[in-house]
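Let's take a friendly walk through a protein model together. Keep the structure open beside you and find each residue as we come to it.

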Amino acid sequence: MTVRVRFAPSPTGFLHVGGARTALYNWLWARKNEGGVMILRIEDTDAERSTDESIAQILDSLRWLGIDWDEGPFFQSRRADIYTAALKRLIASGHAYRAFETPEELEEMRATAMAEGRDPVYDRRSLNLDEATVQRYLEEKRPYVWRFKVPEGETVVPETLLGDAEGCRFENARLGDFALTRSGTDDEWGLPLYNFCCAVDDADMSITHVIRGSDHLTNTARQMMVLNALGAPIPTYTHLPLILKAGKKMSKRDGDADPRFPVSVSARRDRGYLPEATMNFIALLGWSLDDKAEFFSRQELIEAFTLEGLSKSNANFDEDKYLHMNAWYLRNLPREDVTARVRKVLDEAGYKTAEHDAQWIDTIIGHVIERCRLLTEFPAAVSYFFKAPEAFEEKGVKKIFKGDAAPLLREAAAVIEGLSPFDAATLEAALRALAEERGVGFGKIAQPVRLSVTGTMASPGLFDVLIGVGQQESAARMRRAAELIEKNAVPTFS
RNA sequence: GACCCCUUCGUCUAGGCUGGUCUAGGACGGCGCCCUUUCACGGCGUAAACACGGGUUCAAAUCCCGUAGGGGUCACCA
């Protein structure tokens with residue numbers, strides 16, 4: 001049997017990491033199985049909340065992650081005929097009936113049921129309406145919804161992950177006669193609702209495996225009842241544990257409130273996360289291969305992925321681990337690949353990398369690469385290679401720009417200026433010689449030099465920095481720093 | 001509240017189906033050491049968990065029951 005899966009987002013906001021993981025697992029399952037088909041279905045039956053902008057952003061995020069699809073995107077909003085036909089079949093077979101209650105009546109019904117300790121489900125009052133009353137209501141043009149008449153007994157959701165050997169069981173009556181459509185009249189059919197469309201589409205698209213968040217578990221029982229009523233085959237279901245944020249379900253409503261920890265995929269991209277790291281990290285939130293494997297390329301993920309490897313319990317989103325993984329990819333992806341992406345970020349930050357020697361750009365990126373965890377950290381990290389620091393780290397100035405730092409800097413500048421060739425070995429020998437000559441440890445020279453050239457106390461190896469900055473420029477910066485120290489006018493930042 | 005689901009280090013997890021090889025392994029984070037001109041990277045080491053209570057068994061993290069805790073769902077949203 002060919003595997004057919006779908007990712008079915010509702011375009012009511014951006015794609016968040018939970019949705020991305022659902023998409024990923026479906027995609028992996030399709031790609032892993034010979035001939036597997038990934039379908040993208042946009043569940044936009046809620047015209048009020050669905051937006052074109054969301055659709056664009058969701059597709060964009062999926063593409064960025066490298067998750068592609070074989071069929072679709074299909075839009076439920078354009079499949080009205082299919083749902084109408086299915087509804088007619090349900091009506092004809094006695095599985096659907098009109099319900100005339102107003103929202104207020106339903107609200108009251110729920111409140112009463114709760115107060116009496118019953119389940120807050122629809123009490124079927126319209127089901128028991130006699131024919132004459134129904135006719136009268138219709139003539140009065142009273143709006144109504146079509147409700148699904150749940151059968152007696154129970155529904156056992158065939159679950160690959162949760163529940164017991166058979167799956168998860170639900171008592172149909174407790175699920176209630178849910179609405180299939182929004183309210184309308186005979187002149188104008190009400191628009192179909194989620195549980196109905198979803199079931200119809202899963203059948204219509206011959207979906208074999210439904211992989212989605214476990215927040216849908218109770219919906220699945222409803223959808224199965226519709227599938228059964230339609231005589232459609234039942235796919236197997238896999239309800240994924242949820243990704244928790246601060247212990248609670250991660251939702252679009254959380255938004256990107258905290259800019260440091262956004263939940264949307266696009267905001268993560270903007271923050272400087274790599275798609276490779278994102279995919280890898282997300283894959284491991286609820287799935288694992290064994291007790292060793294951590295890093296998976298796209299292809300390795302496809303090969304390793306199994307439904308058995310899924311975890312049953314909810315997972316917390318660990319920012320540190322995500323960051324760590326991103327840093328790993330920065331260091332381990334092919335260098336030219338990373339360089340290209342970093343150049344883009346640098347250009348966006350105004351560095352105009354095309355105006356510099358490509359080899360030089362690549363070299364300085366190499367110098368800071370293991371000090372950056374996000375693409376967005378690069379502009380600040382390479383700043384002193386492009387321009388002299390305007391201010392110096394306050395802590396460093398206090399600690400290092402003191403004593404005989406200024407004369408030492410002037411001497412070091414003179415040494416550096418006269419060097420030929422200007423390479424790491426020569427530089428090191430000369431600077432060490434100077435330290436020895438002055439009877440100080442190498443750090444006494446290295447630290448002021450670093451601070452004067454970069455403005456900070458932390459940097460890549462000193463010789464790399466000096467070579468990257470350039471012979472004359474380095475010497476000039478050191479002299480300028482000496483001057484500032486002597487005038488006691490070093491501009492600082494903290 | 002009702003229903004459903006889940007429960008191994010702070011976090012993500014391996015192991016659980018097929019009880020003994022688990023004095024519970026890995027990773028992130030923490031701490032310490034090494035490398036070292038700083039910061040990183042890297043290396044080494046270390047603290048840290050089977051929710052609790054009963055069973056079953058020669059033997060339970062693994063099987064059963066109960067309790068507790070957590071999560072999800074209870075729309076004419078998806």
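Start with Asp201 and Arg41, which form a salt bridge whose closest N and O atoms are 3.8 Å apart. Asp201 sits in helix 7 (residues 194-204) and Arg41 in strand 2 (residues 37-42), so this pair ties together parts that are 160 residues apart in sequence. Please bear in mind that you are looking at a predicted model. What lets two such residues pair? Side chains of opposite charge can pair when their charged atoms come close.

Are these two partners buried or exposed? Asp201 counts as buried because its relative accessibility is 0%, and Arg41 is buried as well, with a relative accessibility of 0%. The cut-off behind this wording is that buried means under 20% relative accessible area.

The pair also belongs to a wider arrangement. Arg6, Arg41, Glu43, Arg79, Asp201, Asp202 and Asp204 are linked in a network of salt bridges. How many salt bridges does the count come to? The count is 35.

In one of them, Arg118 pairs with Glu116, and the closest N and O atoms are 2.7 Å apart. Here Glu116 counts as exposed because its relative accessibility is 52%, while Arg118 has a relative accessible area of 42% and is therefore partly exposed. In the other, Arg479 forms a salt bridge with Glu417, with the closest N and O atoms 2.7 Å apart. Arg479 belongs to helix 21 (residues 471-486) and Glu417 to helix 17 (residues 405-417), so the bridge ties together parts that are 62 residues apart in sequence. Both partners are partly exposed: Arg479 has a relative accessible area of 28%, and Glu417 has one of 30%.

Which residues make up a patch of positive charge on the surface? They are Lys395, Lys399, Lys402 and Lys444. To locate one of them, look in helix 19 (residues 442-454), where you will find Lys444. With 54% relative accessibility, Lys444 counts as exposed, because the word exposed is used for values over 50%.

Next come the strands. Which way does strand 6 pair with strand 7 (residues 168-171), parallel or antiparallel? The pairing is antiparallel, and it runs over four bridges. You can check this by finding Glu154, which stands opposite Glu171 in strand 7.

Elsewhere, three strands make an open sheet in the order 11-10-12, with mixed pairing. Its edge strands are strand 11 (248-249) and strand 12 (315-316), each of which pairs on one side only. Strand 10 (residues 243-245) is joined to strand 11 by two bridges, and these two strands run antiparallel. Within that pairing, Leu244 has Lys249 in strand 11 as its bridge partner.

Finally, let's look at some details of the backbone. The peptide bond between Gly72 and Pro73 is cis, with an omega of about 5 degrees, and Pro73 is part of strand 3 (residues 71-75). Another cis peptide bond leads from Ser420 to Pro421, where omega is near 0 degrees. Where is Pro421? This proline has its place in the loop between helix 17 and helix 18 (424-438).

Lys141 is not a glycine, yet its phi is positive, near 60 degrees. You can find Lys141 in the loop between helix 5 (131-139) and strand 5 (145-148), and with 43% relative accessibility it counts as partly exposed. Asn488 is another residue other than glycine with a positive phi, this time about 55 degrees. Asn488 lies in the loop between helix 21 and strand 14 (492-493). With a relative accessible area of 71%, Asn488 is exposed.

Methods:
Residues are numbered from 1 along each chain as its sequence is written. Chains are lettered from A and ligands numbered from 1 in the order in which they are written. This is a predicted model: local features need pLDDT of at least 70, side-chain atom pairs count only at pLDDT 80 or more; totals for chains, interfaces and linings use all residues. Side-chain values use heavy atoms; hydrogens and water are left out. Two strands pair if DSSP finds at least two bridges between them. Patches are made of residues with over 30% relative accessible area and no salt bridge: like charges are joined within 9 Å, nonpolar side chains (Val, Leu, Ile, Met, Phe, Trp, Tyr) within 5 Å. Accessible areas come from the Shrake-Rupley method with a 1.4 Å probe; for residues, only the protein chains shown count as cover. A salt bridge is a side-chain nitrogen of Lys or Arg within 4 Å of a carboxyl oxygen of Asp or Glu. Lys and Arg count as positive and Asp and Glu as negative; His and the chain ends are not counted. The place of a charge is taken as NZ of Lys, CZ of Arg, CG of Asp or CD of Glu. Buried means under 20% relative accessible area, exposed over 50%, partly exposed in between (1.4 Å probe, protein chains only).
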